[in-house]
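Colleague: Could you walk me through this one slowly? I'm new to reading structures.

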Amino acid sequence: MRKAIIVWGGWQGHEPEACANAVGELLREDGFSVEITADLDIFGSPVIANTDLLVPIITGEKLEKEHANALVTAVRGGLGLGGHHGALATSFKENAPFRYVSGVTWVSHPGNIIDFRVNVSRQNDPLMQGIPDFDYHSEQYYLHYDPSIEILATTTFTGEYDEAARNVVMPVVFKRHFGAGRVFYSALGHVAAEFDHPYMPLILRRGLAWASRR
């Protein structure tokens, strides 16, 4: 049985514990053994090297340099890393090794909670198969991202809330390889209620399963 560890913490506006439980349920339905913890020291524990999937659901917080280096080494060795919305993009923003392995950093969400369109750019990819373009109501994330990512879905900023972002096409869902490991990210899922959307949890479920250790 594949093992997943979900680590939650940080800013409570993202409802990290509730989201951790929602992700845990998705993974259990897919046959994972799931551990959910609020202990950030797990990043420096040898246990992660023998785990198949690590899902940080953390906004902010600080990560010790040696713990970040241990995580990078574990992902290089095959540990899967995945997350949604603030997970990865807003976790440990001051930690360069974590930024390197996650491949994504949140920088803005013009207009805050708004309606926007998600465009599936790789409909033939198994992670997005059968999912059409769809409307979404949440924070439209403006991200800085690694050039190595494989973009699966995008959103286009209209410029209504920030002229500087007009017509910018931004990744919403991506995957990437990092050594022997895999990284998955979806920008959707600001709060736990968004798990009721028909496509948000489906995309996340598929992406985390893909990221899991081969």
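Predicted model: local features only at pLDDT ≥ 70, side-chain atom pairs only at ≥ 80, totals over all residues.

Colleague: Over residues 4-211, how far apart are the end C-alpha atoms?

Modeller: That stretch is 24% helix and 34% strand. Its end C-alpha atoms are apart by 11 Å.

Colleague: Now helix α2, residues 65-76: what does it reach from its first C-alpha to its last?

Modeller: α2 has twelve residues, and at 1.5 Å a residue you'd expect 16 Å. The model comes close to that, with 17 Å.

Colleague: Why are the buried residues of α2 on the same side?

Modeller: The buried ones are His67, Ala68, Leu71, Val72, Ala74 and Val75. They share a side of α2 because the arc they cover around the axis is only 165°.

Colleague: And which exposed residues sit on the face turned away from that buried side?

Modeller: Buried means under 20% relative accessible area, and exposed means over 50%. On the face of α2 turned away from the buried side, the exposed residues are Lys65, Glu66 and Thr73.

Colleague: Which residues does Leu71 touch, leaving out those up to four places away in sequence?

Modeller: Leu71 is one of the buried residues of α2. It's also among those with the most contacts inside the largest nonpolar core, which has 69 residues. With sequence neighbours up to four places away left out, Leu71 touches Phe43, Ile48, Leu54, Leu79, Phe98 and Val101.

Conventions
Residues numbered from 1 in each chain as written. Heavy atoms only, no water. Core = buried A, V, L, I, M, F, W, Y, C linked by side-chain atoms within 4.5 Å. Buried < 20%, exposed > 50% of the residue type's maximum accessible area, 1.4 Å probe, protein only. Contact = heavy atoms within 4.5 Å. Helix = DSSP H or I, 4+ residues; strand = E, 2+ residues; numbered from the N terminus. Expected span 1.5 Å × (residues − 1). Arc of directions from axis to C-beta.
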